[in-house]
Amino acid sequence: MASKRIFKKDLNRMIFDIVEECFSVQLYNESKKEASDKLIDEAVDFRNNMTEKIHAAKTNKEFKVLHNEVEDAAVDFIHKINGLH
């Protein structure tokens, strides 16, 4: 498993991509602003919760569970972004 620092960087990069895509949706379709703002809030909350869990994790087994949780959330966020288009 990668270090906590790398894991957090990857998480932040994923959340940045989600927020950026939501802003793109807002730029081209103002009627989706409320839904995309809600998705941004959800992504930021997820990031904050995962960062706390990453800090608390001590074993590789815990990191593997967190990594799987992030991967599952990434797929979920992709489906939600696709639903905005």
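In this predicted model, Val25 touches Lys32, Leu84 and His85, leaving aside residues up to four places away in sequence. Val25 itself sits in helix H1, which covers residues 4–28. Looking along the chain, Ala35 comes 10 residues away from Val25, and the C-alpha atoms of the two are separated by 9.8 Å.

Next come the aromatic rings, where the model holds two pairs. One of them brings Phe7 and Phe63 together: the ring centres are 6.4 Å apart and the planes meet at 70°, so this pair is edge-to-face. Phe7 belongs to helix H1 while Phe63 belongs to helix H3 (residues 60–84), so the pair ties together parts of the chain that are 56 residues apart in sequence. As for accessibility, both Phe7 and Phe63 are buried.

The other pair is made by Phe46 and Phe77. Here the ring centres lie 5.9 Å apart with the planes at 70°, and because that angle is over 60 degrees, this pair is edge-to-face as well. Phe46 has a relative accessible area of 14%, so it is buried. Phe77 comes in at 3% relative accessibility and therefore also counts as buried.

Turning to charge, side chains of opposite charge can pair when their charged atoms come close. The count for this model comes to five salt bridges. Among them is the one between Arg13 and Asp10, whose side chains meet at 3.0 Å, N to O. These two residues are three apart in helix H1, so about one helical turn separates Arg13 from Asp10. Asp10 has a relative accessibility of 40%; this value lies between the 20% and 50% limits, so Asp10 is partly exposed.

Another of the salt bridges joins Glu42 to Lys80, with the side chains meeting at 2.4 Å, N to O. This one reaches across distant parts of the chain, from Glu42 in helix H2 to Lys80 in helix H3, 38 residues apart. Glu42, at 31% relative accessibility, counts as partly exposed, and Lys80 is partly exposed with a relative accessible area of 31%.

Lys80 also forms a salt bridge with Asp76, and in this case the closest N and O atoms are 3.3 Å apart. Both Lys80 and Asp76 lie in helix H3, with four residues, or about one turn of the helix, from one to the other. Asp76 shows 35% relative accessibility, so this residue is partly exposed. Put together, Glu42, Asp76 and Lys80 are linked in a network of salt bridges.

How values were computed:
Residues numbered from 1 in each chain as written. Predicted model: local features only at pLDDT ≥ 70, side-chain atom pairs only at ≥ 80, totals over all residues. Heavy atoms only, no water. Contact = heavy atoms within 4.5 Å. Phe/Tyr/Trp six-rings, centres within 6.5 Å; stacked < 30°, edge-to-face > 60°. Buried < 20%, exposed > 50% of the residue type's maximum accessible area, 1.4 Å probe, protein only. Salt bridge = Lys/Arg side-chain N within 4 Å of Asp/Glu carboxyl O.
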